[in-house]
Amino acid sequence: MITRRKILIAGGTGATAAALGGLIAAGSETARSDPSASQDAEVLAFILGIERIESGFYAAVARTGRLTGELAEFVAIVGGHEREHVTFLEQALGSAAPKAQPISADVAAVANDPQRFVRTAAALEDAVVAAYNGQAANLRPETLARAATIVSVEARHAAWIRDIGGLPPAENTTDEPLTSDGVRDALRQVGLLS
Amino acid sequence: MRLEDDTPIGDLDLAVIDRDGAVREAAQALHSRGDVLRGGLAAAGAIAAGLLLPRSAEAGELAGGDRSVLAYALSLEYLQDAFYTEAERVGALTGARRTAASVLGGVERAHVRAFQGLLGSGAPARPSFDFRGTTEENGAFLRTAVALEDLSVAAYKAQAPHIKAPAVLQAAVGIHSVEARHAAWMRHLVGVRPAANAFDEAEGRDAVLKTVASTRFIVRKTPRTTRKRSPRFTG
C-alpha cells in the first residue's frame, strides 16, 4: 500500500542510526529530548532490531515444523506480519538501517515444547508493545502515527498467544512502557538476546 | 463459536453485527460530536490506581487540544464501560464471555475514572445507553465487543499524534495497546483472526462518531438532571 510505504521519516536520515551497528541500538530512552528527524531514525533503528528478532524467531520456529494446530497458524500469520514490519522499517530507514544480525535463541528447544513456545512468544510480544510505547514521546507526530499502526498489531499478537496458552490476554489497565534497556532485559530473560 | 463461514477475516465490523438484528436500523447521525462531548457533570472519580496519568495535571493546566482529545476518549470509554457493566449486571453471559465482560468492565471503568479525574469539571457527562439486547446473549455480546474494541483501537491511534503533554501521551498509548489486546481477545473468542493485518489503520473522530451513532446505543443526550448546580438560595 502506497501510503504505508511513504517514508516514515520525512526528510533527514540520522547519521546517528548508521553509527549504531548493534542488533538493538543503544540509547532510545523514554522522553530523552525533543523529537527530531535524527532521533526518529535512532528510535526506528532500535525498533527495527526488535522486529528483526521477532521475524527471525518465528521464521526459525516455522522451519522446525514442530508446532501444530493453532500454534502453527499463529507462527505463520504473526511471522508474516513481522516480516512486513521489518520491510517497512528498513525502507523507512534506508541507508540508515543497521545491519541485520543472527538471532540468539535455542529455537529447537523452544519449538519442541509448546508451553515454552507460548511463554517465549508472549514475553516477546509483550516486550515489543512496551518498546513501542516507551518510544512514543520520542517521536515526531507523523512518525508516531506510522509506528502506532504497528504497535496495536503487536498487542493483538500478545493477546492472541496469551489466550491460546491460557494466560490472561489483558491483565492491566494500561500497558507499561519500557526503556530500551528494559526491553533488552526482557528479551534476555527468554533467551532471545545474548 | 464461529461467525458465518463466509465472514471474511478482518471485515468484522458493525455491518456484521447488524446481521443478527442487534443493530439493524440504518445509521442515524443523531448524536453530533457536540451531543456526545458536551456536558458538565463534575468528576467524582479519582485517578485510577495504576493508571499513569499526571496527578498534577489539573484541568486548567492541559492544552485545549489535549482536553478535547481526552473528552473524546472519555466519550468512547463511557460507551465501553456501560456495555460491559450492563453485561455483568444482566448476568446472561456464560463461560469465557462472562469472564471477559468482568475483566473488560473493570478496565474500562478505570479508564473512565481516570479521564474524569483528569478533566475535572470539564468532563462530558455520561450519556444514557440502550444496547439493544447485545449484552444479553453470548454471540451478540462478542460481536459487539469486537466492533467496539476495534473501533476504540482505531480511534486512539488517530488521536495519539495530536497529544502534546508527554504524560497524557504515555497514558493514551498505554491504553491504545490495551484496547488492541481486548480486540484480539474478543476476536479469538468469537472465532475470527485476532490480528487481521500487519498494520492497523487509524480512524478519525468524525468517522468514529458516525459509527457510534449508527449503533443507536446512545439514546439520550447528556442528562441535564445530573448536572450539578449551585443552589440559588441557602439557609
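A contact is defined here as heavy atoms within 4.5 Å. By that rule, among contacts in chain B between residues at least 6 apart in sequence, 86% join residues at least 24 apart. The model is predicted: local features need pLDDT of at least 70, side-chain atom pairs count only at pLDDT 80 or more, and totals for chains, interfaces and linings use all residues. Side-chain values use heavy atoms, with hydrogens and water left out.

Chain B holds seven helices and two strands. These are DSSP runs, numbered from the N terminus (helices H or I, at least four residues; strands E, at least two). Their order along the sequence is α-α-α-α-β-α-α-α-β. Of the 235 residues of chain B, 57% are buried, that is, under 20% relative accessible area (1.4 Å probe, protein chains only).

The contact between the chains takes 39 residues from chain B and 42 residues from chain A. The buried area is about 3300 Å², and carbon and sulfur atoms give 61% of it. This area is the accessible area (1.4 Å probe) that two parts lose on being put together, summed over both.

Four salt bridges cross the interface of chain B and chain A. Each requires a side-chain nitrogen of Lys or Arg within 4 Å of a carboxyl oxygen of Asp or Glu. One salt bridge joins the side chains of B:Asp200 and A:Arg156 (2.9 Å, N to O). On the side of chain B that touches chain A, helices H4 (95-119), H5 (138-159) and H6 (166-190) of chain B are the elements that give two or more residues. H6(B) gives the most, with 18 residues.

Conventions:
Residues are numbered from 1 along each chain as its sequence is written. Chains are lettered from A and ligands numbered from 1 in the order in which they are written. Buried means under 20% relative accessible area, exposed over 50%, partly exposed in between (1.4 Å probe, protein chains only).
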